[in-house]
Amino acid sequence: MDWNETPDLLARAWAEQPVIMPGPQGELYGIFTPPAPEAPPANICVILFGRNRWWCDRLSVKSARWLASRGFSCLRFDYHGFGESAGDCGVLHGDRPFTKDALAAIRYMRHEFSQKRFILSGFCLDGRTALSAVKEEGKAIEAVVCNSPEVTGYQGDVVTHMITLEKIRSFFCGSTSFKKDMLLRAVRRFNNLVKLATESRPGEALAERQISINFKRDFQALVRAKTRCLFLEGRDDSQYHAFQLVEQALLTKVSDQQRARITVEVWPGKIHLLENPEILRRVAERSLEWIDLCKQRPVSSSKMAILDAAPEIKMHFVLSEEPE
Amino acid sequence: MPVLPELLSLNKRCTSGDELPLFFESSSHPLYGAFHPAETGPRTDRVIVFCHSLGIEHMVAQRMQVLGARMAAKAGFASFYYDSRGHGDSAGDAKKLTFKDLVDDACVAADYARKLSGASKIIWVGVRFGSLIAAAAIACRDDSAALALWEPLHHGSEYFKAAIRTTLFCKVAQGKRSNSSVDDMLLRLEAEGVLPVIGTYLYAALWNSAINLNLGQLLKHWSGETLIAQIQLRPVLSANNQRLQWEIQQRGAKTAVKLINQEPAWSMLPLVRPQWTNGLLLEATKEWLSELA
């Protein structure tokens, strides 16, 4: 995908409108990108979550204009405490998404712009924000893109990846301060696991308990709402090591029909590399491609097309196909 | 370009109190901006214009600009902040951007701010690289009343070097060794035209046009009231800031200095914590504004 500005994308920029939405902690500021009049209407509003609303490399800005050129309406906005929005957001936590802000945005788009169908998209905490909106607005949400989310309620690797060869190597090759930092982290993680082991979560083994209650609740809402979802993961990310618990404990318990609505793509290497804009662009490209396919195959269709995988991942997983 | 009454009636969805987010035109591109009229005891002869830094630094400092504009409006000063081409919500391709483009956008923003506010004079606030932009804009205009510099960069190359240093540091923090130095990476930027850094890219067009910029040189004719807000973990003014203060004072201008004992991670993505804010800087700027002649 060419991320340079084309005349079409410039035209979408000219059509953009600032919006100020009522939020739970004051006003939320955003930008609405209307669909290109010459494109077949998708009749879907895509909300791109990010911190701040531009996201890294201005990917949300460029994505909104690209989607609009293909007939989607788009909204990007600042959460409370970010950018121009009111309020204070305090410390961020991967298991505490900005659910109320997301719901406020959906309701505003519905009320002020007559939007009826939505696709929500985000990376990491922003993906969790997208997912968390399904519980209350599932009927209106066509699909969710949830890239590399945190699924545990605590920082650090899951039990199966607490000690790895790479970490041992890094530890011995690292400086003294690096070693001290690693040891402190290991102690904190061990404490977290002890807390989990002593929590009362009947019917769940320790492995499953590492999945946060919040994530489980939102995942179950996703399944009930019959909303499509793309989870994009990097095989070597700690986030995927935790997501494997979801694959083992949650995805195995859904029916084939429910499973067909959930796409899990696992790319080789890492994608949770916020310092690497090239990876972030590739992730954004894949998300946009998947969202665009949702327009072509609305959920009301009885058969969902097999999504075209990126070439480098074709060998690594089986695509979900909705049964006939 | 529409003026304030037209803008207010155009779209009722985008006003908050009197605050007005909007788009305006510069070099055939829509730029995003937000106008804050003075709330009390309006000083209609001056309007504040914020010039932002670049890339991830813009993301880091954006909220402070917003809070700064709101603070100034409450203190009786109309203010305006905007995103340059290729930044924030504005249109434009960062790949082709030059320093001259940034200065042109600043001047268009200033003209627009004057039109919206009815002011005849500009108070510039330059944030990091934005200090160089504000200084260059001042040099080509005759309506500048005052200048506030928030952690100014004194040389154009500093932004690029800081972004590269942070990228290399991240690699080391991950336990990886880097085989390249900052100078190696700059050579790569010049050779390839683009260089990925934390969360964004550096482009040769801007590097080539900014490499020789010198804040002192750009301000060599400036003799207006100036605030130098140094935001560093340093108890005294840096050599560069001292020299700048002295040079401006030599021309008979009043300068104020504020030392903010903090060092935000300018080139790091503000993702695991909220965007940087500092109440002391807002207070110091407000105090300086209230003392302006």
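Chain A splits into domain 1 (7–152 + 211–313) and domain 2 (155–209); these bounds come from an automatic or database domain assignment. The model is predicted: local features need pLDDT of at least 70, side-chain atom pairs count only at pLDDT 80 or more, and totals for chains, interfaces and linings use all residues. Residues are numbered from 1 along each chain as its sequence is written, while chains are lettered from A and ligands numbered from 1 in the order in which they are written.

The C-alpha centres of domain 1 and domain 2 of chain A lie 29 Å apart. Seven residues from domain 1 and six residues from domain 2 of chain A make the contact (C-beta atoms, placed from the backbone, within 7 Å). On the domain 1 side, four residues are nonpolar, three are polar and none is charged. Here Ala, Val, Leu, Ile, Met, Phe, Trp, Tyr, Cys and Pro count as nonpolar, Asp, Glu, Lys and Arg as charged, and the others, Gly among them, as polar.

Now look at helix H4 (residues 125–132) of chain A. Eight of its eight residues are buried (20 or more other C-beta atoms within 10 Å of a residue's own, all placed from the backbone). Among them are Leu125(A), Asp126(A) and Arg128(A). The cover includes helix H3 (99–113), strand S5 (118–123) and helix H9 (213–225) of chain A. Helices (H or I, at least four residues) and strands (E, at least two) are DSSP runs, numbered from the N terminus.

Next comes chain B. 34 residues of chain B are in contact with 36 residues of chain A. H2(B) gives the most to the chain B side, with four residues. That side has 17 nonpolar, 11 polar and six charged residues.

Notes
Two residues are in contact if their C-beta atoms, placed from the backbone, lie within 7 Å. A residue is buried if 20 or more other C-beta atoms lie within 10 Å of its own, exposed if 12 or fewer, and partly exposed in between; C-beta atoms are placed from the backbone.
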